[in-house]
Amino acid sequence: MAREIALRDALREGMSEEMRRDEDVFLMGEEVAQYNGAYKVSKGMLDEFGEKRVIDTPIAELGFAGIGVGAAMNGLRPIIEFMTWNFAVLAFDQIINNAAKTLSQSNGQFKCPIVFRGPSGSAGQLAQQHSQTFESWMANCPGLKVISIVDPYDAKGLIKSAIRDDDPICFMESEMLYGHMGEVPEEEYLVPIGKARVRREGTDVTLVTYNKMVLVAEEAAKKLEAEGISAEVIDLRTIRPMDHETIINSVKKTNRIIVIDESWPFAGVSAEVAYIVQKHAFDYLDAPVIRINAADTNLPYAPTFVEEYLPNPDKVIKAVKEVMYVNR
Amino acid sequence: MGKVADKNKTKASKPKYSKELYLQWYEQMLLIRRFEEKALMMYGQQKIRGFCHVYIGQEAITAGMETALTKDDCIVTAYRQHGTALGRGVTPKEAMAELFGKETGIVGGKGGSMHFFSKENNYFGGNGIVGAQIPIGAGIGFAEKYRGTKNLCVTMFGDGAARQGALHEAFNMAMTWKLPVLFICENNGYAMGTSVERTSNVIDLHRMGDGYGMPNEPVDGMQPETVYEAIQKAAKHIRSGKGPYFLEIKTYRYKGHSVSDPAKYRTKDELNDYKDKDPIKVTEKRILDGKMATEADIKKIKDKIKKMVEEAVEFAENSDYPDGSGLYEDNYVQTDYPYLE
Ligand SMILES: Cc1ncc(C[n+]2csc(CCOP(=O)(O)OP(=O)(O)O)c2C)c(N)n1
Ligand SMILES: [Mg+2]
């Protein structure tokens, strides 16, 4: 039986189920316990699991990320919540230099099964420091797996897989879309890491995207349909490892691809998709790969800047017409 | 008349400082309070968006501090910064327009509530990353010392920020190198929903200076007088070349952490205890009791400030949003930088 629940509730259900299943899983971060989470993702978890397993930290990202890494090396399975990924920047030393490298450095003796999670991406007029997208940053680093979701079904299935996974995982959510509703079954299920999802089938053009840009792509696809253009929408769900097969199969069918990616363009997720498409489906392409990213700049506060900065359905539709050589 | 009442009377009739100073404090605090009350209203009307953290309750710190510093001294602080910036000399118009995201704002609508900067006022900004400004403040002080000035950098941060590792690194280097830095922790008791008591065994935050041999003390932040005295003393120490000083100024924020926080983690009584010693109320009483001004004078000040704030809103309303096409301005000093499409 499925019911509609919000993204935040799906994440909480996933974490709680795993905590019931495995005593070694715990949740740690700023305001996760008594305040029920800055965005209420962990609401009620302190009541259920107690102070030992749902732990409020001081504002000390580098320190508590490192405590998570040490605990993971020593047999536990921490979930480390960052209030947003912007603040995880303080913890990059522990994520990049330690979590990602422990297995290699120790010749396989020490694994680091840890989930670093929190929202990534802009959330309205929050200005430069609070509006950044981190999928491209983290996906650049070998040793880490990177997941990025907004769909509640995917969120629950993937947070459970992430907690069970033996490798360190960066899990990206969306501050703006914690209230985003979707169907989630009552029964337990997992969503595998490393598999994209075709959210909408189409034949004329492939739109590859992830996180809240999924909604942008879907809206564009709907509008395009009204104009007789059939767009396929692929939600990557996992950024690293990237599901090449789903992307390539789609391009072989549509012969055109646009990447919609809220991270900055330089050396990012969109660049990676473009690379694998030209490598594996060069002969199938009827047009260059086009990407629509957040602008190659810092995001200021005023609404006029936010409007200009982000990908939106109109930008997608314009790009689709470009690759389809339709002038309108 | 009893002894106690007598004592109160003498205290009340003999203010410690000049009338000018009291009135300056009063006006400064009242301006910040009224400005932010208006900002909250404007937020309610969605004229102001994003995060908005107000300083209401903490105004005595800015008022006392600015009268103990020179305008050549530098200040850097966190995102709860409207009051600090106004104290530095950012005008209510520039500040309100910034909150509205208008091009006439102090940073052209680029920063919003958390990020005012004003080079002409030696105001190095509101920083949105908790604790980031602590080493930055030490660096600003480093540059002053390097250039051989007598200026210092006031580096302000919250009780929550005091738990960041960067504090320790900055304290250590600032002390070792005798940098002209006045570290001020504005301890308002909470970091979002987390009380100071829940973050450490050491809740006398000023004692964190001890680990580095940095002189430190607690200060009552609900009165401009005590803040003024403490900062004067600390500044003198710093200007004599002896290196940094750390003040833990105890204060309270009356509102939630930001506009979206209902602040259920504290009691009404606690809040009311602080409101009873509200620095604006207390200073007003001191002024009247000390006959430094009449009720009519006070009313004149209130009217003046009300008008200033109203004019600031009008100015913000009537200003334009920056053109979205300016999105790439000021990301590099190089003006023909080749941005990616
Ligand atoms: C590095 C970092 N972590 C977390 C946050 C989210 N955050 C913003 S303000 C805040 C609380 C800070 O409290 P405090 O330093 O006491 O300052 P106050 O808000 O009381 O002025 C937190 C956790 C942030 N902005 N930066
Ligand atoms: Mg505080």
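In chain A of this predicted model, five strands form an open sheet of mixed pairing in the order 9-11-10-13-14. Strands (E, at least two residues) and helices (H or I, at least four) are DSSP runs numbered from the N terminus, and two strands pair if DSSP finds at least two bridges between them. Strand 9 (197-200) and strand 14 (290-293) of chain A stand at the edges with a single partner strand each, so one side of each lacks a neighbour in the sheet. Neighbouring strands of this sheet are turned by 25° against each other on average, direction ignored. Strand 9 of chain A runs antiparallel to strand 11 (residues 231-235) of chain A, to which 3 bridges join it; Val233(A) in strand 11 is the bridge partner of Arg200(A). Helix 13 (residues 313-323) of chain A lies across strand 10 (205-209), strand 11, strand 13 (257-261) and strand 14 of chain A, at about 170° to strand 14. Axes here are lines fitted to C-alpha atoms, for helices over the stretch in contact, and angles run from 0 to 180 degrees between N-to-C directions.

Residues are numbered from 1 along each chain as its sequence is written, while chains are lettered from A and ligands numbered from 1 in the order in which they are written. Because the model is predicted, local features need pLDDT of at least 70 and side-chain atom pairs count only at pLDDT 80 or more, whereas totals for chains, interfaces and linings use all residues.

A further open sheet of chain A has 7 strands in the order 3-2-4-5-7-6-12, also with mixed pairing. Its edge strands, strand 3 (54-56) and strand 12 (238-240) of chain A, each pair on one side only. Within this sheet, strand 4 (residues 77-81) of chain A has 5 of its 5 residues buried, so it is largely enclosed by the rest of the structure. A residue is buried if 20 or more other C-beta atoms lie within 10 Å of its own, exposed if 12 or fewer, and partly exposed in between, with C-beta atoms placed from the backbone. Arg77(A), Ile79(A) and Glu81(A) point one way from strand 4, and Pro78(A) and Ile80(A) the other way. Strand 4 of chain A runs parallel to strand 2 (residues 25-29) of chain A through 5 bridges, with Val25(A) and Arg77(A) as bridge partners. Another 3 bridges join strand 4 of chain A to strand 5 (residues 115-119) of chain A, also parallel, and Ile79(A) stands opposite Val115(A).

The contact between the chains takes 31 residues from chain A and 37 residues from chain B, where two residues are in contact if their C-beta atoms, placed from the backbone, lie within 7 Å. Helix 12 (303-309) and helix 3 (61-73) of chain A each supply at least two residues of the side of chain A that touches chain B; the largest share, 6 residues, comes from helix 12.

Residues from chains A and B surround ligand 1, so the site is shared between chains. Of the 19 residues around ligand 1 (C-beta atom, placed from the backbone, within 6 Å), those that come nearest are Phe87(A), Val130(B), Gly158(B), Gly160(B) and Ala191(B).

In chain B, helix 8 (residues 224-242) has 19 residues and reaches 25 Å from its first C-alpha to its last, close to the 27 Å expected (1.5 Å times one less than its number of residues). Just after helix 8 of chain B, Gly243(B) takes a positive phi of about 95°.
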